[in-house]
Amino acid sequence: MDEAINKIDSELPEQKLLRLLCEALGNYLEPEQIDKVRHAYQFAAEAHIEQFRISGEPYICHPLSVALILTEIRMDQAGIIAALLHDVLEDTPVTKEALTLEFGENVAELVDGVSKLTHIRFQSKAEAQAESLRKMFLAMATDLRVIMIKLADRLHNMRTLGVMKPVKQRRIADETLEIYAPLASRLGMNSIRLELQDLGFKAKYPVRRRVLEESVKRARGNRKELVGKIEVGIKKRLVNSGLECRVVGREKHLYSIYRKMINRGVNFSEVFDVYAFRIITERVDSCYRALGVVHNLYSPIPGKFKDYIALPKANGYQSLHTILKGPHGVPIEIQIRTNEMHGVAETGIAAHWLYKSSSQETQVRAHEWLRNLLDSHEESGDSMEFIENLKVDLTPKEIYLFSPKGDIIKVPVGSTAVDFAYAVHTDIGSRCVAAKVNKRVVPLNTRLKNGDAVEIITASWARPNPVWLNYVTSTKARTGIRTYLKNFKEKEAVELGKRLLEKELSVLGEAYDEISNEKIIELLEELGLSSLEALLVEIGLGNRMALLTARRLTRKEGDEGIKLESAIDSDIESPLVIRGTEGMVVNLANCCKPIPGDPIVGLFNPGKGVVVHHQSCKNVAESRKNNRNWLDVAWASKTEGQFVVEIRVEVLNQRGALAAIASAISLIDSNIENITMDDHDGHTSTDFIRLTVKDRLHLSKVIRKLRALPSILKIARVMS
Ligand code: MN
């Protein structure tokens with residue numbers, strides 16, 4: 001006996017906690033499972049070996065305490081292990097991969113989830129964001145155990161808050177009252193909620209709390225007699241009716257009294273003057289019998305009876321509620337429920353989750369609850385009211401992101417960095433060039449995840465890229481890009497159209513400024529256009545030829561000229577093969593001659609439109625260094641027509657070699673546009689063949705066919 005006491009006395013704090021943990025786990029886990037928990041303890045203790053809490057205790061005492069708190073809601077083995085490891089990713093060199101190897105994916109995911117929530121920092125100026133933050137927590141924690149571990153973590157930190165500096169205490173208290181306590185409340189985890197609130201209240205308003213505590217003590221003394229009388233009366237009646245049950249007086253908690261006084265502007269006695277009792281029975285039918293008994297004792301106030309046993313609340317909460325008119329007319333609130341119902345009311349979601357075997361059904365139900373919670377706007381300090389608003393079944397449609405300043409930005413699920421930029425501000429959206437997600441540079445089309453910290457890099461020269469329309473999700477981004485392009489397109493087209501027209505006019509010996517108004521009006525009428533600007537847009541967009549317009553404008557009286565309409569049609573090129581240019585003037589670069597299927601990039605040149613290059617074109621590399629006007633462009637999913645491409649072939653000078661090449665090319669539906677030959681030594685020659693193909697696939701067929709010819713030694717595409 002003495003020995004055992006000595007042994008316990010000489011226990012180190014971490015040894016004691018480990019022993020308590022294993023004892024608690026012994027109530028509901030198998031011995032082999034507890035062995036695994038011990039192993040996790042060893043692992044965590046080693047990882048934190050050099051670290052200490054501010055109190056001076058070895059760091060491992062904290063995760064052990066968190067795990068111990070979780071045994072109270074019978075957290076399962078994986079959850080307990082994750083609780084022991086919950087700070088290793090954050091504070092030690094251990095990686096998620098290492099955790100996966102050692103403890104499996106399940107545990108690694110839980111630890112990772114808890115670490116992610118750790119990154120969410122509450123700022124006092126962000127009080128208005130508290131609701132968003134709470135939702136974000138729920139949305140981020142794909143596994144409910146993550147939130148439970150986080151709540152237990154916070155609870156232990158609050159219990160040991162005294163060692164922190166007062167400023168830090170208040171900050172943490174704020175966070176606890178604004179975020180963690182309401183979360184616990186939503187999850188129905190009432191005992192944790194009450195403790196968090198009380199600890200938070202104590203740290204934030206120590207004086208107010210003390211004053212209130214005194215008031216409660218005094219009031220309790222005053223009404224003690226009456227409370228006792230009522231309680232005895234109820235008990236006696238119940239016993240006389242042969243009912244097995246407990247009667248407990250309920251008292252409002254300090255923090256909820258305080259909140260009610262502040263929020264409703266009422267005085268202490270108005271809040272405190274409610275006499276409340278709870279009757280806990282063994283069986284459901286006893287609840288109704290107990291109800292009959294108390295209704296017989298004091299008369300019920302009409303309209304105040306609620307049967308949450310027959311009609312449970314959304315989260316499964318069950319009880320009978322009634323209000324009676326007590327002695328001297330004081331109202332008496334009564335709740336009647338079974339032991340099991342009481343468990344659900346105290347531990348909430350955890351009861352669904354853990355009390356019974358965690359079957360598929362209970363998990364589905366708990367998740368349903370969580371989804372409902374995401375939609376709840378109402379937050380109430382009262383344990384009974386927090387579930388009233390949970391009706392809508394909602395899958396989250398939004399994700400919550402952080403700006404570098406710590407603001408929370410809400411965007412639709414599936415949003416990219418561009419959506420985020422537009423959500424912050426249209427100007428940020430239209431000037432964005434790159435993005436950092438969680439400090440890493442990523443492409444603008446990266447899909448964002450809940451809780452990502454996003455930073456947008458902007459540049460004054462940047463403008464919205466039409467390609468963004470292919471991947472943005474939010475209406476705000478889409479509208480922003482469209483509006484910009486529409487304005488931009490017209491402005492650019494007018495400028496370009498004017499320049500082209502000027503050039504053609506000067507070739508014809510005329511000056512743009514000297515064209516008479518009558519001529520212009522006459523032409524506009526003929527074309528059915530409303531203004532000169534509209535005509536310039538048409539030219540700039542490539543819908544009308546500058547040359548023909550110039551000729552028409554300089555036509556002398558009696559001159560036949562060219563019939564404008566018919567000539568235009570045949571001259572229109574089809575520039576819209578490139579997706580992402582949305583009507584800008586597009587040309588394929590002459591240097592690298594891209595064809596559909598090639599990786600491409602567009603170089604925007606004010607006044608010239610977009611020139612599309614092959615991505616590996618030398619000119620692009622140069623341009624990318626000096627000129628940042630490049631755009632992401634993509635081929636249309638279907639392109640029509642023929643595209644010019646150049647190939648270089650080394651040929652043995654044999655009779656009929658060229659003819660064989662020509663016929664091979666035409667056999668495969670390609671046309672030769674031009675051939676230049678470069679004779680070497682009379683033996684071989686290098687031929688440059690410019691031909692037309694539909695796309696890259698077509699070109700590769702041509703090349704394969706040519707390669708098969710015996711006279712061909714080498715063949716390659718020319719890219720500059
Ligand atoms: Mn922790």
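## A tyrosine in helix α13

Let's start with Y255: at 8% relative accessibility, this residue counts as buried. Y255 and Y258 sit 3 residues apart in helix α13, so about one helical turn separates them. Y258 is buried too, with a relative accessibility of 12%. The two rings have centres 6.3 Å apart and planes at 35°, which makes the pair tilted. Keep in mind that this is a predicted model.

## The ring cluster

A search of the whole structure turns up 6 aromatic pairs. One of them is Y205 with Y258, tilted at 50° between the planes and 5.7 Å centre to centre. Y205 lies in the loop between α11 (190–204) and α12 (206–240), while Y258 belongs to helix α13 (residues 254–264), so this pair ties together parts 53 residues apart in sequence. Y205 is partly exposed, at 23% relative accessible area. Ring pairs join F201, Y205, Y255 and Y258 into a cluster.

## The manganese site

The manganese ion has H62 (NE2), H86 (NE2), D87 (OD) and D153 (OD) as its protein donors, 2.2 to 2.4 Å away. Along the chain, their spacing reads H-x23-H-D-x65-D. H62 is in helix α4 (residues 61–71) and D87 in the loop between α5 (77–84) and α6 (88–91), so the pair ties together parts 25 residues apart in sequence. Both H62 and D87 are buried.

## The whole protein

Zooming out, the protein has 28 helices and 21 strands. Of its 720 residues, 48% are buried.

Conventions. Residues numbered from 1 in each chain as written. Predicted model: local features only at pLDDT ≥ 70, side-chain atom pairs only at ≥ 80, totals over all residues. Heavy atoms only, no water. Helix = DSSP H or I, 4+ residues; strand = E, 2+ residues; numbered from the N terminus. Buried < 20%, exposed > 50% of the residue type's maximum accessible area, 1.4 Å probe, protein only. Donors = N, O, S within 2.8 Å, 3.2 Å for Na, K, Ca; no water. Phe/Tyr/Trp six-rings, centres within 6.5 Å; stacked < 30°, edge-to-face > 60°.
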